[in-house]
Amino acid sequence: MIKKEIEKILQYVQKPARYVGGELNSVVKDKDAVSLRYAFCFPDIYEIGMSHLGMKILYGLINNRDDAWCERVFAPDFDMEEQMRKNNIPLFALESGDYLSDFDIIGFTLQYELCYTTVLNMLDLAGVPLYSKDREALTPIVCCGGPCACNPEPIADFFDIVFLGDGEDSTNEVLDLLKECKKQGSTKKEFLEKAKDIKGVYVPSLYDVSYNEDETVKAVTSKDNAPLPVKKAVVSDLNEVYYPDKFVVPFIQIVHDRAVEEIFRGCIRGCRFCQAGFTYRPIREKSVETINKQSKSLIETSGYDELSLCSLSTSDHSDVSRMLNELIDWTVKEKINLSLPSLRVDNFSDELVEKLNKVRKSGLTFAPEAGTQRMRDVINKNVTEEEVIKTCNKAFSSGWTSVKLYFMMGLPTETMEDIEGIADLSMKVVHAFYNNPERQKGCGVQVSVSCSSFIPKPFTPFQWEAEDSMESLKEKQEHLLKSIPSKKVRVSYHETPTSLLEGVLARGDRRLSGVLYDAFKLGCKFDSWDDKFNFDAWLEAFKKNNIDPYFYTRRKRPFEEVLPWDHLDYGVSRKFLEKENIKAHNNETTPHCRIKCSGCGADKLNGGKCDARN
């Protein structure tokens, strides 16, 4: 259904398959037979967006309705955008080829802070006014959700509504409301005043923010009886909630080109740096029967030969052994590779190794996160060096020859000794391989060390901490490289200017909307791509708006300060996070949820139920 004017320009772009649609399992409907059209926008290129599970879920959920049609929209790469702007072709959806101005809802998923200027660029390409206040008609409603929606304040002025938490139920409720408002000829204002009462829906225009003289937030006040705080939506039963039985199968290779089965949401662990570990609470599991049934369906309908199990910590599923038995029974017979990301060092049992030996071997990934025990206690990782080495030895004895280790630098209270600890632990893993009599002979070991820069995030115990400076991070990166004596250890790390910007946008307030707008006008987009990141343009945008980026990053915030996201409720109580912050500075750990309930408060948004507590 591609338009002729779009077809003409495809000969000038590198990967035309990104823009044509028509893939296996894509959904095409009669647009005259539906009441609502939803453009699901991913603010990055096709290969990244098509790998995203949230898009697959909501695409199927909306298309499961007879009265709605959801289509996919991705950010065009530079070559395609150049052709579109040159030929006055607005941004279009893949299924129909129709322009975004034809849609009732334009929804963005915010997976990382550095996509914000790409969001603005996509709206601009679509010919849609960027600011919510400049869009007066009822449609299109521009909305967003995803991990970064937990602090949407830097981009709040651009969106009509923001989805907080799980989107399955609230999306359907918003669609029902919009359908009714269209039928009644309601105004946008009337729609928003009703939408505010849907659980998990935040309407930024119904809240005013005031500031103190020192530029910190003084208060957030609501208008028109808008709820305060705004509570996130929680899906209680993952066995009953919608999950797609088929995925769109791309024509070209994407980043994660496989079937994906979500096995549970939430995390029992409480690592103090991990935003997802707190914002996705409470823990909700799927049963083994549901996982098995959905996995089989996805493989049958897509033709994939790889199945990946998705969660924050796969081996923490309470029935992981039986789950793997059930899955391995048929995946081995049908030559399906079973991928188990997010394995924990401290529950990598002999039984789990035995089961993994039945599937195709790929590299194993573990996340010690810090190099010294003191630092692991600070972040509440609850993993010892002994457990890391023991786990690697189990893997080496079973034939694995490559291990990837995830670490962070720039953590609160970190010293150069902790950085050296990363190098020491990596080398101990190398030595463990060569000292292991059961290792695969004739092979060398490869230990990959990925070192990300720590960014304090909202709704974590570290949300008050100062972010490490670019200069300090660079010094630590250089020190780490000098501390590793062997080529058996490969190190990769993040560029520091992007870490600074991520830190600003993660904990920023509404005053940053002007910075984002000006950065976009100066050509910023695809900021998470190092080769496309223009730090000078960002500094110019900050200067133009008279805003110091370091105000948001270098300052340790006192507990009594009002944080830009304090009017949003993700379940975990502020008091609990404060206690965890104090324990971190005392090098004290907190046991995980299945050992002892710490009373984080996440159960209150789920009718008092918390699976981990059971």
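Q: Why is Asp319 called partly exposed in this predicted model?
A: Asp319 has a relative accessibility of 25%. Buried requires under 20% and exposed requires over 50%, with partly exposed in between, so Asp319 at 25% counts as partly exposed.

Q: Why does Arg322 count as partly exposed?
A: The relative accessibility of Arg322 is 33%.

Q: What makes the contact between the side chains of Asp319 and Arg322 a salt bridge?
A: The rule asks for a side-chain nitrogen of Lys or Arg within 4 Å of a carboxyl oxygen of Asp or Glu. The N to O distance for Asp319 and Arg322 is 2.8 Å, so the pair meets the rule.

Q: How many salt bridges does this rule give?
A: The count comes to 55.

Q: What makes Arg258 and Glu306 a salt bridge, and which parts of the chain does the pair link?
A: Their side chains meet at 3.7 Å, N to O, and the limit is 4 Å, so the pair qualifies. Arg258 is in the loop between strand S9 (230-231) and S10, while Glu306 is in strand S13; the two are 48 residues apart.

Q: Is Glu306 buried or exposed?
A: Glu306 has a relative accessible area of 19%. The cut-off for buried is under 20%, so Glu306 is buried.

Q: Are Glu369 and Lys381 buried or exposed?
A: Glu369 has a relative accessible area of 10% and Lys381 has 7%. Both values are under 20%, so Glu369 and Lys381 are buried.

Q: What makes S15 and S18 edge strands?
A: The open sheet has 4 strands in the order S15-S16-S17-S18, with parallel pairing. Strand S15 (364-369) and strand S18 (489-493) each have a single partner strand, so one side of each lacks a neighbour in the sheet. From one strand to the next the twist averages 20 degrees.

Q: How do you know that S16 and S17 pair?
A: Pairing needs at least two bridges, and strand S16 (residues 402-409) and strand S17 (residues 446-453) have 8 in the parallel sense, so they pair. Tyr406 has Ser450 in S17 as its bridge partner.

Q: How do you know that S10 pairs with S13?
A: S10 and strand S13 (residues 306-310) share 4 bridges in the parallel sense, and at least two are needed, so the strands pair. The bridge partner of Glu261 in S13 is Leu309.

Q: How do you know that the length of helix H9 is close to what is expected?
A: Helix H9 (residues 288-302) has 15 residues and reaches 21 Å from its first C-alpha to its last. The span expected at 1.5 Å a residue is 21 Å, so the helix is close to expectation. Just after H9, Gly303 takes a positive phi of about 80 degrees.

Terms used:
Residues are numbered from 1 along each chain as its sequence is written. This is a predicted model: local features need pLDDT of at least 70, side-chain atom pairs count only at pLDDT 80 or more; totals for chains, interfaces and linings use all residues. Side-chain values use heavy atoms; hydrogens and water are left out. Axes are lines fitted to C-alpha atoms, for helices over the stretch in contact, and angles run from 0 to 180 degrees between N-to-C directions. Buried means under 20% relative accessible area, exposed over 50%, partly exposed in between (1.4 Å probe, protein chains only).
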